[in-house]
Amino acid sequence: METNCHIDREKLEFQQILNKKIVKLRLFCLHALVYGMGVIVFILKEYFGVCFDFFPVTYLNYVVIIIWTSVFLFSAIDLIVSYTIFGKKWEERKLKSILEKKQEKQKWV
């Protein structure tokens, strides 16, 4: 028989996992926005000769764009893998196994 405490704990664990995923998705969207603006500025600077002489844009070159693109692609792949491969069914199984292990370790005296 499941108690309300067990159900509440399960909901709390699930809520925490969901909050982490939401924060991860929001940060990825922000990173995508900033990356898109950086690529646009880089293209304007390199190919159209627009003069940007202020601090962060002055050092925007091919090496920075290559490194930034690789970091962006890594975070995109990480996000896609966490949402598709480790879907809702996997999360529920993992959550149940974690909760079962916690209950087995918990000793009532």
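What percentage of the 109 residues in the protein is made up of buried residues? Buried residues account for 18%, where buried means under 20% relative accessible area with a 1.4 Å probe, counting protein chains only.

## Basis of the model

The model is predicted: local features need pLDDT of at least 70 and side-chain atom pairs count only at pLDDT 80 or more, while totals for chains, interfaces and linings use all residues. Residues are numbered from 1 along each chain as its sequence is written, and side-chain values use heavy atoms, with hydrogens and water left out.

## Overall architecture

The protein has 4 helices and 0 strands, arranged from the N terminus as α-α-α-α. Helices (H or I, at least four residues) and strands (E, at least two) are DSSP runs, numbered from the N terminus.

Of the contacts in the protein with a separation of 6 or more, 67% are between residues 24 or more positions apart; contact means heavy atoms within 4.5 Å. The accessible surface comes to about 9,000 Å², and carbon and sulfur atoms hold 69% of that surface. Accessible areas follow the Shrake-Rupley method with a 1.4 Å probe.

## The nonpolar core

Phe28, Tyr35, Phe72, Ala76 and Leu79 form the largest nonpolar core, which has 5 residues. Such a core is a set of buried Ala, Val, Leu, Ile, Met, Phe, Trp, Tyr and Cys residues joined through side-chain atoms within 4.5 Å. Two or more residues of this core come from each of α1 (4-47) and α3 (62-84), and α3 gives the largest share, 3 residues.

Leaving aside neighbours within four places in sequence, Phe28 is in contact with Phe72, Ser75, Ala76 and Leu79. In soluble globular proteins, nonpolar side chains tend to be buried together.

The largest pocket has a volume of about 160 Å³. On a 1 Å grid over the protein atoms alone, a pocket is an open set of points with protein on both sides within 12 Å along at least five of seven lines, and lining residues have an atom within 4 Å of a point. The volume is the space filled by probe spheres set on the points. The lining includes Ile17, Lys21, Phe86 and Trp90. Helix α4 contributes the most to this lining, with 4 residues.

Lys21 lies in helix α1 and counts as buried because its relative accessibility is 14%. Beyond residues up to four places away in sequence, Lys21 touches Ser82, Tyr83, Phe86 and Glu91. Lys21 and Tyr83 are 62 residues apart along the chain, yet their C-alpha atoms are separated by 8.6 Å.

Notes:
Buried < 20%, exposed > 50% of the residue type's maximum accessible area, 1.4 Å probe, protein only. 1 Å grid on protein atoms, 1.4 Å probe; cavity = no way out; pocket = protein on both sides within 12 Å on 5 of 7 lines; lining within 4 Å.
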